[in-house]
Amino acid sequence: MAAFHCIQALSFPSRTHVFFPIGDQNRYNIINKKQRGFLVFASADKKSDKEIYLKSKVETLLDSVKWDDKGLAVGIAQNIDTGAVLMQGFVNSDALATTISSQKATFYSRSRSALWTKGETSKNFINVHDIYLDCDRDSIIYLGKPDGPTCHTGSETCYYTSVPDLLENKQVDGNKLALTTLYSLETIISQRKAELALPQTGKPSWTKRLLLDHDLLCTKIREEADELCRTLEDNEDQARTADEMGDVLYHAMVLMAVKGVKIEEVLEVLRKRFFQSGIEEKRSRG
């Protein structure tokens with residue numbers, strides 16, 4: 001997926017994060033005041049110093065965004081695990097404040113002149129884990145996990161129309177997404193697996209052989225993993241390590257295709273381990 005340069009995180013000092021703990025969202029409400037979004041702490045308890053501080057920081061943040069003359073900025077939703085750009089819309093201060101408090105990707109509809117939360121009709125919400133501003137603070141990324149297809153057409157993302165295909169008058173395929181290298185490889189392996197159900201002619205490709213012969217596949221994974229380790233043990237150069245790691249990834253992804261496991265599932269597992277001790281994670285497996 002295209003890289004985003006000069007990105008700034010919505011950081012807050014003193015260990016304060018822009019998001020509220022799960023289960024606490026109902027303690028906070030958004031109200032309009034002079035067409036601006038304000039976070040109001042609606043707890044029956046007396047507001048803590050931390051809550052007051054957080055409210056102040058969010059207001060400062062909203063003021064720092066370079067909204068255009070209509071009070072809008074470009075808002076992009078991106079899948080936190082795959083990196084896929086899911087959709088693009090427009091955001092105003094109310095939409096950003098709502099997203100911060102609800103953790104659901106919220107935009108501003110120019111045609112309806114109203115806020116809308118992605119998924120409010122389809123239930124395919126985008127659950128926002130983090131928010132980033134670009135270096136000029138005039139565009140915003142919602143980094144999140146979608147509950148289902150993002151596009152109204154039912155496609156996983158809104159970006160499936162290839163310009164080269166249009167120039168060659170090829171039919172647009174809603175399943176052909178803008179993919180990074182890893183996901184392009186996963187797609188090719190999936191295609192080879194699907195082709196096995198068709199009549200076979202000629203010599204099968206290496207991928208098809210691996211898909212059919214599980215003993216061969218497991219042997220190759222062990223072999224490639226050993227060769228990867230030897231690049232360290234024998235002090236081989238970085239190019240050799242990258243080459244052997246490519247072999248390990250490819251063969252492991254063929255095994256995943258056999259098992260029906262998506263690379264996105266693996267990345268989600270890794271993401272969930274970020275804030276967990278590796279030793280504790282091992283113990284939790286029983």
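These are my notebook entries on a few spots I looked up in this predicted model.

**Ground rules.** Residues are numbered from 1 along each chain as its sequence is written, and side-chain values use heavy atoms, with hydrogens and water left out. Because the model is predicted, local features need pLDDT of at least 70 and side-chain atom pairs count only at pLDDT 80 or more, while totals for chains, interfaces and linings use all residues.

**Entry 1: the core.** I began with the largest nonpolar core, which has 22 residues. Such a core is a set of buried Ala, Val, Leu, Ile, Met, Phe, Trp, Tyr and Cys residues joined through side-chain atoms within 4.5 Å; buried means under 20% relative accessible area, exposed over 50%, and partly exposed in between (1.4 Å probe, protein chains only). Val91 and Phe107 are among the residues with the most contacts inside this core. Elements giving it two or more residues include helix 1 (49-64) and strand 8 (126-134). Helices (H or I, at least four residues) and strands (E, at least two) are DSSP runs, numbered from the N terminus. I also noted a second, separate core of twelve residues, including Tyr183 and Tyr250.

**Entry 2: Thr99.** Is Thr99 buried or exposed? I found it buried, at a relative accessible area of 0%, in helix 2 (residues 93-102). Its side chain reaches the backbone oxygen of Ala95 at 2.9 Å, and a polar atom of that side chain lies 3.0 Å from the backbone nitrogen of Thr106.

**Entry 3: salt bridges.** I looked up the total next: the structure holds 13 salt bridges, each a side-chain nitrogen of Lys or Arg within 4 Å of a carboxyl oxygen of Asp or Glu. Arg271 pairs with Asp81, the closest N and O atoms being 2.7 Å apart. This pair links distant parts of the chain, 190 residues apart: Arg271 sits in helix 8, and Asp81 in the loop between strand 4 and strand 5. Arg271 counts as buried at 13%, and Asp81 is buried at 9%.

Also in helix 8, Lys272 and Glu268 are separated by about one helical turn because they are four residues apart. Their side chains meet in a salt bridge at 3.3 Å, N to O. Lys272 is exposed at 55%, whereas Glu268 is partly exposed at 22%.

Which residues join these pairs in a network of salt bridges? I wrote down Asp81, Lys145, Glu264, Glu268, Arg271 and Lys272.

**Entry 4: helix 8 again.** I finished with Leu270, in helix 8 (residues 263-272), which is partly exposed at 42%.

Methods
A polar contact is a pair of N or O atoms within 3.5 Å; within protein, one must be able to donate a hydrogen and the other to accept it, and residues adjacent in sequence count only if both atoms are side-chain atoms.
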